[in-house]
Amino acid sequence: MCGIVGYYGSENAAPILLNGLEKLEYRGYDSAGIAVVDGGKLQLVRKKGSVSELFSARGIQGHLGIGHTRWATHGAPSEINAHPHVYGKFAVVHNGIIENEYSLKEECRARGDVFSSETDSEVIAHLLDFYYEGNLVTAVKDTVERLKGSYALAVVCEECDCIVCVRKASPLVVGIGKNGVYAASDVSAIAAEGVTVYSLDDGELAVLSTEITFFNQNLVRIEKEKIEYDAEEEIPDLKGYRHFMRKEMAEIPQVLGKSIYDYTEETYREFYRILTQTEQIQIVACGTAYHSGLCAKYAIESLCRIPVEVCIASEYRYLDPIVRSGTLALAVSQSGETADTLAAAQLAKNKGAYLAAVTNVPYSSLTRIADAVLPTNAGREVAVAATKSFHAQLVLLYSLASALAKAKGREECLPHIYDLLDQVKCAEETCEEVRSWVPHFLGARSVFFLGRGADYASSLEGSLKLKEITYLPSEGYPAGELKHGTLALVDCSTPVVAVLTQKAFAEKTMNAVHEVYARGAKVFLITCFEEYCNRKEVTSSVLIPVCKEEFTPVLSVLPLQALAYYVSIARGNNPDKPRNLAKSVTVE
Ligand code: M6R
């Protein structure tokens, strides 16, 4: 969701800002812009489209500036709506949403201000102009006190030799390197050897000039501790692959080993005690992370007989959920910055749950509010479509299920999770096999993914991946539910992907396969049971290894991800940057 960079130092700011913005493009790529201050003058360049459109700005002179890559919320992607927003002597870049923009704009208009964009962000520049009395830091403080909603801001002023940064519910980091100081919404924009990075907490301000000075919301100076990050991991590298999505899928076999945990009393004392005493688990998450939570529900309930509620975070946060005592809340989020997941997690904690963060980013906002952090260790994921992070979440959650099942004297499952490390390598081969299915999907008006139990959860993820990067309408459906209405949509132009890995439901899922076949649909099967591959109803199938039934999504989702990827490129899309989407959804 939008990216921010800022630079103050001995070098020319423009090329540094543009390089940083290129690294942040996965957060939004509707439009981009930079503002550089030189000799008391603001120089502004903004363009619709990707950061590469800003190439003419490279030559701009000036040692301090701010930049932004946008994912449109308020107002269409256009040059006029692109950041930085300038009013008077001020330029501002903003991530987040200003919820009281209308009343603030009315107030500014009553003073005679005219707005040039449709964005909520522009009002911030107008408020700065109003509150400024020669001190940019106090003007920023006074301005943010008027804002409702979420924001990460970097502000410059023609008269001031500094950048002021502040945040609330939207990530922002600052860093010190040898040639200057930096600000960014994401470490990856400024990660380089030797840059020491600090993360701002809600309400904190940082003033960037020859050094960085930190203040709390009352403008009292504070000290901050640097955060640890792996510079190498933060620098995206395609390593010969055409797209990050395919590269990240290929990494799944090696990623899994890093996400398997042996939770024991000795190694994870406090968390192990909470885990094994828990009477109810609530999982809050969005998108793909929600689907990994659903897969985990089937495994935990089956192996441990503990109720697991999986909640879409954007719903949970507003529904006054019931949190019983002894509830373990698992907030699952690749980025650890998803606004809805953060709000849901905080709510669960406020209501008395023990909050564990299952996340891929160890210094993310989610880790700061959690009682325990369970890192998924998938490594940086660049493609907007989540792939390896899903698999890492799965095996981490299965590890929890395994520890719990063992503590309850039910079953020892950890060896089965380790077996997945070899099994997933065989499943990887099916990624190429599904390429032959692609022509059947190119002209489809809609696609169905069917399954029961854990296969239903896998179907949902297969469908989300397909929608996200191919733009084909599709639905993941419980196989038995189709006949209650949705079957009306199926005809000979509807490819149906059936996932069949649960022995007890196999014939039941095949009933649904018969039903769609009878309506002329072509059926593509992902199964671990060879006997179903050659059924006349099945147009083509891929055979994945047999593993412990509860853990099959680790193997069945791989070919589903590959199907979406290959259909996406066959349709001429860029799977790494699907339209309208951004990697990290830091706004509501
Ligand atoms: O960073 P998070 O895991 O919290 O993100 C949640 C969703 O926004 C994310 O999984 C989204 O659905 C993916 N783009 C799906 O591929």
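**View 1. The eight-stranded open sheet of the predicted model**. The strands are ordered E3-E2-E4-E1-E10-E9-E11-E15, and their pairing is antiparallel. Strands E3 (41–48) and E15 (226–227) are the edges; each has a single partner strand, so one side of each lacks a neighbour in the sheet. Helix H1 (residues 13–24) packs on the sheet and touches E1, E2 (31–38), E4 (64–70) and E10. The direction of H1 makes about 155° with that of E1.

**View 2. Pairing of strands E1 and E10**. Five bridges link E1 (residues 3–9) to E10 (residues 180–184) in the antiparallel sense. Gly9 lies opposite Gly180 of E10.

**View 3. Helix H14 and its packing partners**. The 20 residues of H14 (residues 414–433) should span 28 Å at 1.5 Å a residue, and the 30 Å between the end C-alpha atoms agrees with this. A kink of about 35° is centred on Asp422. Buried residues of H14 include Leu414, Ile417, Leu420, Val424 and Cys431, and also Gln423 and Glu428. The buried residues of this helix pack against helices H6 (244–250), H7 (252–259), H13 (388–407) and H18 (553–570), together with strand E25 (538–543).

**View 4. The cis peptide bond between His83 and Pro84**. Omega of this bond is about 0°. Pro84 belongs to the loop between E4 and strand E5 (85–87).

**View 5. Positive phi at Arg305 and Tyr471**. Arg305, not a glycine, has phi of about 55° and sits in the loop between helix H9 (287–304) and strand E17 (308–312). Its relative accessibility is 59%, so Arg305 counts as exposed. Tyr471 has phi near 65° and lies in the loop between helix H16 (454–470) and strand E22 (474–478). With a relative accessible area of 22%, Tyr471 is partly exposed.

Key: Residues are numbered from 1 along each chain as its sequence is written. This is a predicted model: local features need pLDDT of at least 70, side-chain atom pairs count only at pLDDT 80 or more; totals for chains, interfaces and linings use all residues. Side-chain values use heavy atoms; hydrogens and water are left out. Two strands pair if DSSP finds at least two bridges between them. Helices (H or I, at least four residues) and strands (E, at least two) are DSSP runs, numbered from the N terminus. Contact means heavy atoms within 4.5 Å. Axes are lines fitted to C-alpha atoms, for helices over the stretch in contact, and angles run from 0 to 180 degrees between N-to-C directions. The expected span of a helix is 1.5 Å times one less than its number of residues. The bend at a residue is the angle between axes fitted to the seven residues ending there and the seven starting there. Buried means under 20% relative accessible area, exposed over 50%, partly exposed in between (1.4 Å probe, protein chains only).
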